[in-house]
Amino acid sequence: MTAATIISGKQISEEIRKGIALEVEQLSKQNIRPGLAVVLVGDDPASHVYVRNKEKACQDLGFYSEVHRLAAESSEDEVLALVDKLNAQASIHGILVQLPLPKHIREKAIIDAIAVEKDVDGFHPVNVGNLVIGDDSLLPCTPAGVIEMIKRTGIQIAGKHAVVIGRSNIVGKPVALLLQRENATVTMCHSKTHNMAEIASQADILVVAIGRANMIDASYVKPGAIVIDVGMNRLESGKLAGDVDFESVKEVSGPITPVPGGVGPMTITMLMQNTLLAAKRLNGLN
Ligand SMILES: NC(=O)C1=CN([C@@H]2O[C@H](COP(=O)(O)OP(=O)(O)OC[C@H]3O[C@@H](n4cnc5c(N)ncnc54)[C@H](OP(=O)(O)O)[C@@H]3O)[C@@H](O)[C@H]2O)C=CC1
Ligand SMILES: Nc1nc(=O)c2c([nH]1)NC[C@@H]1CN(c3ccc(C(=O)N[C@@H](CCC(=O)O)C(=O)O)cc3)C=[N+]21
Ligand SMILES: [Mg+2]
């Protein structure tokens, strides 16, 4: 068998970002500059890395950006006050509050407070509801990136059996909904699933979002299946590992995403795309 194709999220991101940069240039003629605010509460070192990647993407694309770093001890009311301020700020079209938040702050209270039109994460209940119904909404970035990567393999989604492992609100659930919207037949697995290898190995498209380094080996994968690895696990060595055992799985799978360089960069690109879209809509375009 020939070697599996590696789906480069980095390369696809570069292509999409070129298109975004062109649109930013067009908008600048109308004095519109997409603006993103990132709110970071506390000092989780992993979060700082993502925030820096987002800042860099904003710089590269000519977006306006603000990063608000609040102390871990900040109260829920302080975070809510900042969100309210950003909701009202005309230069800001997208607001991202980095999750997880410190335990004394209710994530739901914060997410509910973000203006629906500026919710570029797609986490607000109104955007989630519109996604479920199939109405227009800001799509969650990681799931949108996953679908884009599958589409760019050129392999048709409609009619295929897709298995999603993980059912979180930010990844598993919305990925399953988007795959269903693309007319896949979708099965969801989670920590209570029996015979998971048997189910996963029936998938034409396997999306893995668990949070356990290298758990999914070749016994979970049908020969030729598309494998999308959302997992981001920091090993003790400091290296980043996915949820998929890439070395063994690539020997049997079809197109497969690496970690790093797979879903991660696509998440950031989709965030930029959502911010651009929000900027256009808030200015009465689109
Ligand atoms: N690349 C990117 O941009 C992003 C990457 N990530 C990464 O993706 C991974 C998943 O993130 P997230 O969805 O937030 O994680 P959560 O911890 O919120 O959810 C994990 C899901 O996996 C399920 N699960 C856990 N253990 C097993 C198991 N042994 N067998 C089957 N299912 C299991 C859980 O089941 P149950 O519901 O029963 O508990 C749950 O549904 C993480 O590694 C995270 O770092 C996340 C966001 C963005
Ligand atoms: N409100 C909110 N929205 C998010 O979108 C969100 C969040 N909170 N909390 C944390 C997770 C995680 N996440 C990542 C984004 C980019 C990379 C990324 O760029 N990864 C690179 C390299 C990362 C590295 O080297 O450490 C890669 O995979 O190649 C990773 C992870 C967004 N998240
Ligand atoms: Mg979680």
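**Helix crossing.** I started with how α6 passes α10, and the crossing is right-handed. This is a predicted model, so I am reading computed geometry throughout. Helix α6 covers residues 141-151, and its axis lies 8 Å from that of α10, at an angle of about 110°. That angle falls in the 65 to 115 degree range, so I noted α6 as roughly perpendicular to α10.

**Domains.** Next I looked up the domain assignment, which gives domain 1 as 31-115 and domain 2 as 141-263. Their centres, taken over C-alpha atoms, are 28 Å apart. I also checked the UniProt record: the unreviewed entry places "domain: Tetrahydrofolate dehydrogenase/cyclohydrolase NAD(P)-binding" at residues 140-281. Over that stretch I read 35% helix and 15% strand, with the end C-alpha atoms 17 Å apart.

**Ligand 1.** Which residues come nearest to ligand 1? I found Gly166, Ser168, Ser191, Gly211 and Thr267, out of 25 residues around the ligand. Helix α10, residues 263-282, gives the largest share of this shell, with three residues. Sorting the shell by class, I got ten nonpolar, twelve polar and three charged residues.

**Ligand 2.** Here I counted 18 surrounding residues, and the closest are Tyr50, Leu99, Pro260, Gly264 and Thr267. Helix α10 turns up again with the largest share, four residues. α2 (45-61), β3 (94-97) and α10 each supply at least two residues. By class, the shell of ligand 2 has twelve nonpolar, five polar and one charged residues.

I came across a cis bond joining Leu99 and Pro100, with omega about -5°. Another cis bond runs from Val259 to Pro260, with omega near -5°.

My last stop was Asn31, a residue other than glycine whose phi is positive, near 55°. I found Asn31 in the loop between α1 (9-28) and β1 (35-41).

Methods
Residues numbered from 1 in each chain as written. Chains lettered and ligands numbered in written order. Predicted model: local features only at pLDDT ≥ 70, side-chain atom pairs only at ≥ 80, totals over all residues. Near = placed C-beta within 6 Å. Nonpolar A, V, L, I, M, F, W, Y, C, P; charged D, E, K, R; others polar. UniProt positions renumbered as here; feature names shortened; annotations may be inferred. Axes fitted to C-alpha atoms, helices over the stretch in contact; angles between N-to-C directions. Parallel < 35°, antiparallel > 145°, perpendicular 65-115°, else oblique. Left-handed = near helix turned anticlockwise from the far one by under 90°. Domains from an automatic or database assignment.
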